[in-house]
Amino acid sequence: MTDERTPTDPRPDDVNSDVVLDELTHEQREVVGLSQGQIVRKRFFRHKGAMISLLVLAVILVMAITSIGAGPIPGWYPYEHTDLIPPVDREGPTISVVPEFLGGNGLAWGDHPFGVDNQRGRDLFAMSMRGVQVSMVVILVLALLSVTLGVLIGSVAGFFGGWTDAILMRITDVFLILPLLVVVSVAAYSFGATGLWSVALALGLFSWTGLARLVRAEFLAIREREFVDAARVAGASSARIIFKHILPNTLGTIVVSTTLLMGAGILTEAALSFLGFGIQAPNVSLGSLVSDYQGSFSTRPWLFVFPGLLIISIVLCLQFIGDGLRDAFDPRQKRIPKFKDLDRRNQTDQVIAQTAPGTRP
Amino acid sequence: MIMFIARRLFASVFLLLAATFIVYILMANAGDPLAFLVDITNPTQRAAIERDVTRALNLDTPPVVRYFNWLADVLRGDFGISARTRQSVNSELASRVPLTLKLVAASTLLSITVGVIVGIVTALRQYSGFDYIVTFFTFLFFSLPVFWVAVILKDVGGIRFNDWLRDGANVPVWLMVIAAIGAAIVGYSIAGGRAPRRAGIAAASAAGMYGLLWYLSYSNWFLRPGIGLPVLIPLSVGIALAITGVFAGIRNRKALYAAGTTALIGVLSYLPLQSVFDRESMSWTTALVLLVITMIIGVGVGYAYGGFDKGLSAKVSAITGLFIALTIFVDRHMQSWQEYSENPIIRNRPIKTIGDKEARLEGSFWVLNNDLVSHLVLPTVTLMLISLAGYTRYSRASMLEVLNQEYIRTARAKGLTERTVVVRHGLRNAMIPLATIVAFDIGGVLGGAVITESVFEWNGMGRFFIDGLQNLDPNPVMASTVVVGVTAITANILADIVYSLLDPRIRIH
């Protein structure tokens with residue numbers, strides 16, 4: 001957002017003028033003298049849903065990485081997802097959040113927080129945490145691939161237009177008419193269906209189409225703006241105009257849709273594993289856990305419920321973060337001020353006026 | 001316009017060619033379709049099958065050549081045979097496409113109806129409690145893994161609900177209290193006016209909900225559902241009032257009288273209709289003819305009342321007729337419910353989780369329809385989860401966008417009633433973008449049908465695709481891809497055309 005000044009930005013020399021301050025609306029006052037990045041950050045931090053989701057997501061991630069460790073580094077949890085554990089008397093989950101006066105065990109962790117699968121001798125918490133790790137790797141690869149491909153194709157098509165645009169967009173259409181699930185399951189299968197990387201690769205290679213279209217639309221609009229002409233007159237190359245002048249202005253769109261894409265990616269990966277075209281044993285993903293234990297819902301529900309709840313929590317968090325980012329990046333976004341805020345603002349104004357005589361007549 | 005369609009069709013042919021080529025090559029690289037031969041112990045039989053399938057699928061030629069052979073066959077209308085079952089793919093398609101169509105049509109129609117209504121209400125009452133609750137639930141629905149919900153629904157609907165029916169179908173008190181609280185929140189948020197009035201409406205809706213559930217539970221309605229004349233009469237009056245209120249305003253006497261007359265005709269024809277319904281020859285054709293007659297009567301009544309706004313009266317009265325006809329139709333199904341559920345094949349466990357019908361069940365039109373409904377319920381709900389949230393979000397956003405337009409302010413400024421502003425100026429314009437969303441959603445729903453069909457063992461296109469893919473069988477997979485691709489492309493072209501017809505600002509050329 002480097003080259004742009006939103007219409008709500010007052011000119012800096014007007015900031016201290018009382019007349020102008022009085023005419024500013026509530027939300028204009030809040031952003032006086034801040035850079036675009038600061039405004040976005042401020043708006044994002046104010047979004048309660050996004051902040052809570054960020055916290056929850058961080059907790060899940062830290063838990064997943066520290067508990068069973070990553071690669072050779074061991075974690076604090078005694079079991080791993082491949083460990084064969086002896087059968088326990090009580091298979092059910094030992095985690096408890098119900099307070100004692102309501103008949104629960106209080107806040108407790110227990111030996112096997114998410115329960116045990118006695119038949120296969122596995123600890124569900126270890127498997128779920130491994131599943132979170134795998135799902136995270138998949139969506140990171142997916143995000144990296146689709147952002148690279150989508151931004152590259154979208155920006156080139158939008159910037160150059162003409163035949164380049166026509167050809168690139170027709171290629172995009174080819175990928176767009178086939179349901180993602182159909183193509184990705186065929187692709188993952190043909191790349192060798194058991195691996196984490198083949199699923200991640202297949203997802204990434206076919207998920208960039210939406211992003212490419214969005215980026216192209218933004219480029220079509222922005223390339224007609226005066227600052228692009230100015231850059232061209234100043235002798236900037238096409239690559240410089242694309243990456244230095246136009247791309248930063250499309251950052252909002254890219255960040256928002258990538259966040260939502262990652263959420264959708266987890267669901268697609270889970271669906272693939274469920275259909276048997278995703279990640280297979282001995283590796284586990286959240287989707288393959290749900291798939292493996294779908295038959296045990298009526299007898300041992302925890303085996304089925306916990307991985308599903310993890311999927312829902314992660315995707316829900318990503319959705320809320322995406323929503324918060326969208327609100328933060330949208331310059332047209334308006335927040336209806338609460339009367340409480342307006343009153344407080346008026347009071348501070350009065351205090352300022354009283355303590356600093358001379359600034360107001 | 002014709003040029004536009006021709007050009008789009010021309011481009012679509014190439015899109016389809018490219019897409020099928022990619023899938024075909026990927027499929028050819030995925031593995032050997034003859035891998036299942038290992039399980040056949042008899043060597044002569046194995047060799048014979050291998051020879052037949054290899055010849056039928058041209059497996060001895062390179063994939064690219066094979067693709068063009070396949071393409072030539074498809075252009076002649078032949079999708080080849082399945083390597084595994086050696087059945088013709090064409091005949092499989094003929095039996096499977098209608099099943100998927102039923103599923104997709106039911107869920108799409110329901111999601112559009114529910115989604116648009118909820119979206120409009122939340123847009124009109126932006127930032128209300130109801131709005132926040134709906135927003136949270138749309139986010140939640142976006143985040144739900146379809147298969148996870150499907151498995152839970154299978155357990156809750158197929159086992160626990162049926163057990164609950166067997167145990168006497170008594171609604172527990174806690175459920176009634178929760179439903180009443182929910183009704184209170186919705187009532188409070190939707191009602192306009194000041195706090196005391198809204199609180200009154202909230203209390204009334206809570207009491208109404210509690211009373212309704214208590215009555216349904218007390219009278220064993222869930223075991224012997226029905227509507228009957230005593231409920232139909234007040235319901236018809238309510239429908240006539242509501243439809244007039246929304247589309248014409250209660251002050252429009254001509255419209256109100258027209259709707260009332262149609263409602264009266266509907267109630268009066270309830271008993272004569274039963275004898276038509278009970279005939280052996282009752283079928284969907286009869287139902288359709290009756291519906292057309294209803295619409296003609298409705299329009300006729302509207303025009304008969306005359307006035308300068310005849311068209312509006314006709315519309316209001318026809319919509320009233322449609323709703324009352326639907327109620328009578330549903331009522332007749334409910335009358336046959338007990339006969340259906342006590343059938344020895346059903347054994348009082350009416351909610352089904354597997355397949356699309358009970359093969360051995362025999363009975364009247366109504367019993368068979370009940371069977372279809374009880375098989376459709378769970379898969380439809382599952383599929384709805386995918387699209388419902390989307391429709392709610394989009395119609396809310398679209399309505400909010402429209403309500404901020406200048407012409408809405410103009411309409412308000414010249415003193416039109418809120419109803420006219422919202423329904424005539426707002427709603428019509430807000431519905432235009434939905435044409436695009438529906439087309440876009442079709443692809444997603446077809447993808448979702450793959451999962452839903454495999455969980456509920458519904459022998460449609462989705463299962464055909466999955467089974468083909470698991471057996472590495474190219475022809476079924478390619479046939480599904482072609483059907484899905486053609487559907488998606490057709491939906492998109494239709495959406496563009498409908499859009500340009502609805503919105504004169506958009507010109508396609």
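Tutor: H15(B) passes H17(B) in a right-handed crossing. A crossing is right-handed if the near helix is turned clockwise from the far one by less than a right angle, and left-handed if anticlockwise. This is a predicted model: local features need pLDDT of at least 70, side-chain atom pairs count only at pLDDT 80 or more, and totals for chains, interfaces and linings use all residues. Residues are numbered from 1 along each chain as its sequence is written, while chains are lettered from A and ligands numbered from 1 in the order in which they are written.

Student: Why are H15(B) and H17(B) called oblique to each other?

Tutor: The axes of H15(B) (residues 365-403) and H17(B) (residues 418-431) cross at roughly 130 degrees and come within 9 Å. Axes are lines fitted to C-alpha atoms, for helices over the stretch in contact, and angles run from 0 to 180 degrees between N-to-C directions. Angles under 35 degrees count as roughly parallel, over 145 as roughly antiparallel, 65 to 115 as roughly perpendicular, and the rest as oblique. H15(B) and H17(B) therefore count as oblique.

Student: Which residues make the contact of H15(B) with H17(B)?

Tutor: H15(B) brings Ser395(B), Ser398(B), Met399(B), Val402(B) and Leu403(B), while H17(B) brings Gly426(B), Asn429(B) and Ala430(B). Contact means C-beta atoms, placed from the backbone, within 7 Å. By class there are four nonpolar, four polar and no charged residues. Nonpolar covers Ala, Val, Leu, Ile, Met, Phe, Trp, Tyr, Cys and Pro; charged covers Asp, Glu, Lys and Arg; the others, Gly among them, are polar.

Student: What makes H10(B) and H13(B) roughly parallel to each other?

Tutor: Their axes cross at roughly 25 degrees and come within 8 Å; H10(B) spans residues 253-268 and H13(B) spans 310-335. The pair is therefore roughly parallel. The crossing of H10(B) past H13(B) is right-handed. Among the residues in contact are Ala255(B), Ala259(B) and Gly266(B) of H10(B), and Val316(B), Gly321(B) and Ile328(B) of H13(B). The contact has nine nonpolar, six polar and one charged residues.

Student: How do you know that Leu472(B) is buried?

Tutor: Count the neighbours. Leu472(B) has 20 other C-beta atoms within 10 Å, so Leu472(B) is buried. The term needs 20 or more such atoms; exposed means 12 or fewer, and partly exposed is in between. Leu472(B) sits in the loop between H19 (461-470) and H20 (474-502) of chain B. Its phi is positive, about 55 degrees, although Leu472(B) is not a glycine. Most residues other than glycine have a negative phi.

Student: Why does Arg86(B) count as exposed?

Tutor: Arg86(B) has 11 C-beta neighbours inside 10 Å, so Arg86(B) counts as exposed. Arg86(B) is in the loop between H3 (63-75) and H4 (89-124) of chain B. Arg86(B) also has a positive phi of about 55 degrees, and is not a glycine.

Student: How many helices and strands are there in chain B?

Tutor: Chain B has 20 helices and zero strands. A helix is a DSSP run of H or I with at least four residues, a strand a run of E with at least two, numbered from the N terminus. Of the 509 residues in chain B, 35% are buried. Chain A comes to 15 helices and two strands, and 39% of its 361 residues are buried.

Student: Which residues touch the most other members in the largest nonpolar core?

Tutor: They are Val184(A), Val186(A), Ala271(A), Val290(A) and Phe147(B), in a core of 148 residues. H14(A) gives the largest share, 16 residues. A nonpolar core is a set of buried Ala, Val, Leu, Ile, Met, Phe, Trp, Tyr and Cys residues joined through C-beta atoms within 7 Å. Leaving out residues up to four places away in sequence, Val290(A) touches residues including Phe274(A), Pro145(B), Phe147(B) and Trp148(B). Another core, of 18 residues, lies apart and includes Ala248(B) and Val299(B).

Student: What does each chain give to the contact between chain A and chain B?

Tutor: Chain A gives 34 residues and chain B gives 37. On the side of chain A, H6 (162-177), H7 (180-190), H12 (251-275) and H14 (301-329) give two or more residues each. H7(A) gives the most, with nine. That side divides into 25 nonpolar, eight polar and one charged.

Student: Where do H6(A) and H1(B) make their contact?

Tutor: Through Asp173(A), Val174(A) and Ile177(A) of H6(A), and Leu15(B), Ala18(B) and Ala19(B) of H1(B). Five of these are nonpolar, none polar and one charged. The axes lie 9 Å apart, at an angle of about 65 degrees.

Conventions. Contact = placed C-beta atoms within 7 Å.
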